[in-house]
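My entries follow in the order I made them.

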Amino acid sequence: MPVTLIYTKEVSEYDFGIGHPFRGIRYKLFFNYLKGKLREGIDYQILKAQPVSDEDLLLICSKEYIDYVRNFYESAYNGEINYLVALSSNFISIDNIPGENPGNIEKAARFILGQMRLACDLIERGDYKKIFSIGGGLHHAKSSFGEGFCVYNDIAYGAKYLIEKYGYERILILDTDAHAGNGTMEYFYEDPRVLFIDIHQDPKTIYPGTGFVWQIGEGKGKGFTINCPLKPGACWDSYQYVFENVVFPITEEFNPQIIIRYGGTDPYWNDTLTSLGLTISDFKKIGEYINNLSKICNGKVIDAIASGYNDKAIAPGWLALISGLSELKIEILEPEEVPEKYYSDPVLKDTKEMVRELKKYLKKYWKCMSQWNWKA
């Protein structure tokens with residue numbers, strides 16, 4: 001069966017305009033690259049989704065927020081934005097204010113959630129096991145506040161949709177974006193039905209300033225939020241250590257019914273907004289790890305890909321993630337010469353110390369975390 005991508009052309013309108021880091025060109029870059037590597041209809045297929053309605057959005061957003069966002073971004077698209085009013089808003093952060101000539105952002109966001117809904121429906125019907133939502137993963141958005149280039153949180157929507165419509169009781173959300181998924185974390189901080197594991201750059205060094213090891217959930221959800229912050233400069237050795245000592249054992253113990261993974265290429269060593277150290281080949285390894293993890297849940301994965309702020313890395317990095325998860329045998333070259341230092345992890349010792357500290361917080365909630373080799 002060909003690799004299944006969900007992408008609707010309206011998603012390219014998710015573009016914050018001139019001068020903003022998040023531009024719609026990323027989708028053109030990816031699909032041009034994809035067509036040069038694989039054959040549509042043979043190696044991959046593209047499915048299209050419909051946008052969600054206001055009623056759908058109420059699953060994750062307040063009505064006041066939906067109304068404000070729709071009107072605000074429609075005005076911005078029409079060139080009628082009032083920046084003074086926008087800056088005083090209680091609904092969006094300054095980094096969600098578009099620059100000149102933005103796309104139809106709010107409309108595009110509805111299609112991104114529609115893609116997640118379609119992915120959930122197709123997997124639940126048994127039509128597919130692994131689906132990729134291109135443009136998905138707006139993990140900073142909250143129920144009444146948009147930030148971090150994110151308007152509506154499709155990751156939170158997908159998990160809540162699976163719970164509400166299909167009765168799911170154990171969902172793993174794995175966030176490998178360089179920035180901590182503060183919005184997603186907030187949605188499920190007290191919910192034991194969702195295990196949220198987030199591997200990201202140390203929040204003391206990067207937006208959004210959350211995602212510390214001691215943030216493990218509250219109430220019935222305590223222990224079901226797991227943050228794995230990595231020091232700037234962390235390379236594949238650190239990621240491998242976290243996967244093997246945290247992600248794999250806890251996932252096996254949790255026994256999820258499905259995995260929702262999000263993350264694009266912003267952990268790339270030469271990303272313009274982050275300070276991590278992954279290469280393109282490392283993104284393929286992440287995909288391979290998710291593929292191995294999915295054996296726990298009968299292969300069911302929804303994978304959302306959108307981030308990355310180095311245009312040279314977006315297309316090969318996204319395809320590397322897809323190829324690793326889909327077991328595609330294709331050659332993907334590094335788009336830039338990788339400095340030698342990124343092949344030898346300079347902060348692995350710090351990563352091991354972080355995992356030791358994390359296990360102290362989690363050992364009460366997970367049997368696998370109470371069994372620790374202190375020489376590791």
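I take helices (H or I, at least four residues) and strands (E, at least two) as DSSP runs, numbered from the N terminus. The model is predicted, so I read local features only at pLDDT of at least 70 and side-chain atom pairs only at pLDDT 80 or more, while totals for chains, interfaces and linings use all residues. Residues are numbered from 1 along each chain as its sequence is written, and side-chain values use heavy atoms, with hydrogens and water left out.

**Entry: the lysine.** I located K285 in helix α9, residues 280-293. K285 is 40 residues from L325 in sequence, and their C-alpha atoms are 8.6 Å apart.

**Entry: the sheet.** I traced an open sheet of eight strands with parallel pairing, in the order β2-β1-β3-β8-β7-β4-β5-β6; two strands pair if DSSP finds at least two bridges between them. The edges are β2 (44-47) and β6 (225-230); each has a single partner strand, so one side of each lacks a neighbour in the sheet. From one strand to the next the twist averages 20°.

I checked some pairs. Strands β1 (residues 3-6) and β3 (residues 130-134) run parallel and are joined by two bridges, with I6 opposite S133. Five bridges link the parallel strands β4 and β5, where L172 faces L195. Six bridges join β5 to β6, again in the parallel sense, and F196 has T225 as its bridge partner.

**Entry: around β5.** Is β5 buried or exposed? Eight of its eight residues are buried, so β5 is largely enclosed by the rest of the structure. Helix α8 (residues 236-254) lies across β4 (171-175), β5 (194-201) and β6, at about 175° to β5. Axes here are lines fitted to C-alpha atoms, for helices over the stretch in contact, and angles run from 0 to 180 degrees between N-to-C directions.

**Entry: a helix pair.** I looked up α3 (residues 63-77) against α5 (residues 105-124): they pack at about 130°, axes 7 Å apart. The two are therefore oblique to each other (under 35 degrees is roughly parallel, over 145 roughly antiparallel, 65 to 115 roughly perpendicular, the rest oblique). In contact (heavy atoms within 4.5 Å), I66, V69, R70 and Y73 of α3 meet I105, E106 and R110 of α5.

Methods:
Buried means under 20% relative accessible area, exposed over 50%, partly exposed in between (1.4 Å probe, protein chains only).
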